[in-house]
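Subject: Structure handover

Hello,

Here is the structure you will be taking over. My notes on it come after the sequence and coordinates.

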Amino acid sequence: MESEAVAHDTRVVAPRTSMGFEYTFPAIRGIQAGREFYVSMCPLRLIPKIFIFDDDELSPEMRAQRILNKGRLPALTKYILDNPDDYVFSALTASVDGDMDFDSTSPDGPGFRTGQLRIPMASRFLINDGQHRRAAIELALKENSDLGEETIAVVFFHDAGLARSQQMFADLNRHAVRPARSIGVLYDHRDPSSQVVRAMAARSTVFKGYVEMEKSNLSARSRMMFTLSALYYGTQALLQGLDLKHDEASDLAQSYWETIDKQLPEWAMVRSRELSATEMRRDFIHSHGIALHALGRIGNSLLRESAAPLAWKKQLAPLKKVDWSRANTDWEGRAIVGGRVSKSHQNVTLTVNYLRHHLGLGLSPEEQRVEDAYLRGDA
């Protein structure tokens with residue numbers, strides 16, 4: 001006799017034996033490394049109920065997963081809640097410590113691989129991959145229960161013990177590569193700053209044809225002057241906290257960077273082919289990410305503090321006198337560490353401080369703290 005359906009085709013049903021109740025999932029059967037596994041669609045409202053984590057208090061060698069990083073959950077949860085019509089989550093991977101019985105639709109042909117997967121409710125479901133997605137789903141359901149009727153793909157493997165589960169985790173993450181930040185900006189159509197930067201890279205005479213759109217690092221021979229990710233972080237810093245509509249933000253960002261361009265003659269020399277992009281990047285730091293980020297922060301404070309709408313343009317004029325060459329020893333310890341340009345938060349702040357000094361601008365308390373530590377030799 002069947003009990004009440006859990007959701008759609010995933011049911012809690014009475015078993016064929018007297019051993020207890022079981023979950024029944026519509027599933028597809030597959031083979032990997034000689035072992036059967038199954039793929040099914042699971043309602044989101046069932047995810048927090050049946051999938052568990054390893055105990056955080058266990059030592060690492062006794063767990064089959066990393067400890068849940070709760071700091072990641074607010075952003076993941078917000079992503080689901082803010083995009084109910086087009087969020088995307090990849091499949092969860094789980095090991096089942098219990099029997100898994102698969103009833104094929106037919107004994108041969110295509111139907112042999114489709115059917116019903118039956119798992120006793122007493123079984124233990126351990127997530128091998130997707131623990132943060134699982135936790136974010138649980139939090140999102142508390143705020144929007146309607147999401148519970150939606151589904152996520154789940155890949156079920158038989159639990160062959162701790163060593164096998166640990167190996168699965170290692171294998172699943174062994175070849176994971178985070179995409180370059182530039183291509184993330186290029187493909188992100190939700191983030192307002194990404195939209196602004198893409199538009200600016202396509203239409204501004206300063207950037208058009210000189211921005212690397214996919215990679216976040218430029219090769220020595222690249223003819224590009226900037227990476228999209230560097231321009232993104234600089235523009236994001238520029239617009240931080242400003243209440244602007246999309247068109248206003250785009251126009252302001254383009255105007256700002258075109259004003260900066262007038263203070264940095266080497267940028268124009270590359271466009272006129274008097275100087276190669278390779279030579280400019282080699283000999284100067286003003287097209288590197290740290291400089292764009294620092295210039296964005298400078299611009300943000302000028303926009304907030306300028307009495308007249310366009311007063312900030314004149315305030316940027318002293319930048320023309322800054323020695324941006326790598327040969328300038330003032331950059332060592334600020335923008336350059338050990339002969340290499342550094343992108344650390346501290347070095348960005350020290351670069352901001354250096355530029356503020358040339359522009360006759362004061363430092364914030366935090367900037368002053370970083371500056372004092374640098375002057376003491378603590379940085």
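Confidence. This is a predicted model. The mean pLDDT of the protein is 88, and 90% of its residues reach 70 or more. Residues 1-18 have a pLDDT below 50, and in the model this stretch has 44 contacts beyond near neighbours in sequence.

Salt bridges. The structure holds 16 salt bridges.

- Arg-118 and Asp-101 meet through their side chains at 3.8 Å, N to O. Arg-118 belongs to strand E8 (residues 114-120) and Asp-101 to strand E7 (residues 101-104), so the pair ties together parts that are 17 residues apart in sequence. Arg-118 is buried, with a relative accessible area of 12%, whereas Asp-101 is partly exposed at 37% relative accessibility.

- Asp-251 pairs with Arg-203 in a salt bridge, the closest N and O atoms being 3.3 Å apart. Here two helices are involved: Asp-251 is in helix H8 (residues 246-263) and Arg-203 in helix H6 (residues 192-203), so parts that are 48 residues apart in sequence are tied together. Arg-203 counts as partly exposed, at 43% relative accessibility.

- Arg-334 forms a salt bridge with Glu-371, and their closest N and O atoms are 2.7 Å apart. Arg-334 sits in the loop between helix H12 (311-315) and strand E13 (336-337), while Glu-371 is in helix H14 (residues 365-376), so this pair ties together parts that are 37 residues apart in sequence. Arg-334 is buried, with a relative accessible area of 8%. Glu-371 counts as buried too, at 10% relative accessibility.

There is also a network: Glu-22, Asp-101, Asp-103 and Arg-118 are joined by salt bridges that share partners.

In soluble globular proteins, nonpolar side chains tend to be buried together. The largest nonpolar core in this model has 52 residues, and those with the most contacts inside it are Trp-257, Trp-324 and Leu-355. At least two residues of this core come from each of H6, helix H7 (228-239), H8, helix H9 (265-271), helix H10 (277-283), helix H11 (289-305) and helix H13 (345-359). Which helix gives the most to this core? H11 does, with eight residues.

For Trp-257, leaving aside neighbours within four places in sequence, the contacts are Met-200, Val-206, Phe-207, Leu-231, Gly-234, Thr-235, Leu-238, Trp-267, Leu-292, Leu-295 and Gly-296. Apart from the core of Trp-257 lies another core, of 31 residues, which includes Ile-47, Phe-51, Ile-80 and Ala-94.

A loop residue. Leu-147 is found in the loop between helix H3 (131-143) and strand E10 (151-158). Is Leu-147 buried or exposed? Leu-147 is buried, with a relative accessible area of 4%. Leaving aside neighbours within four places in sequence, Leu-147 is in contact with Leu-44, Ile-80, Leu-81, Tyr-87, Ala-140 and Leu-141. Leu-147 and Pro-84 are 63 residues apart in sequence, and their C-alpha atoms are 8.0 Å apart in space.

Regards

Technical notes. Residues are numbered from 1 along each chain as its sequence is written. This is a predicted model: local features need pLDDT of at least 70, side-chain atom pairs count only at pLDDT 80 or more; totals for chains, interfaces and linings use all residues. Side-chain values use heavy atoms; hydrogens and water are left out. pLDDT is the predictor's confidence in each residue, from 0 to 100. Contact means heavy atoms within 4.5 Å. A salt bridge is a side-chain nitrogen of Lys or Arg within 4 Å of a carboxyl oxygen of Asp or Glu. Helices (H or I, at least four residues) and strands (E, at least two) are DSSP runs, numbered from the N terminus. Buried means under 20% relative accessible area, exposed over 50%, partly exposed in between (1.4 Å probe, protein chains only). A nonpolar core is a set of buried Ala, Val, Leu, Ile, Met, Phe, Trp, Tyr and Cys residues joined through side-chain atoms within 4.5 Å.
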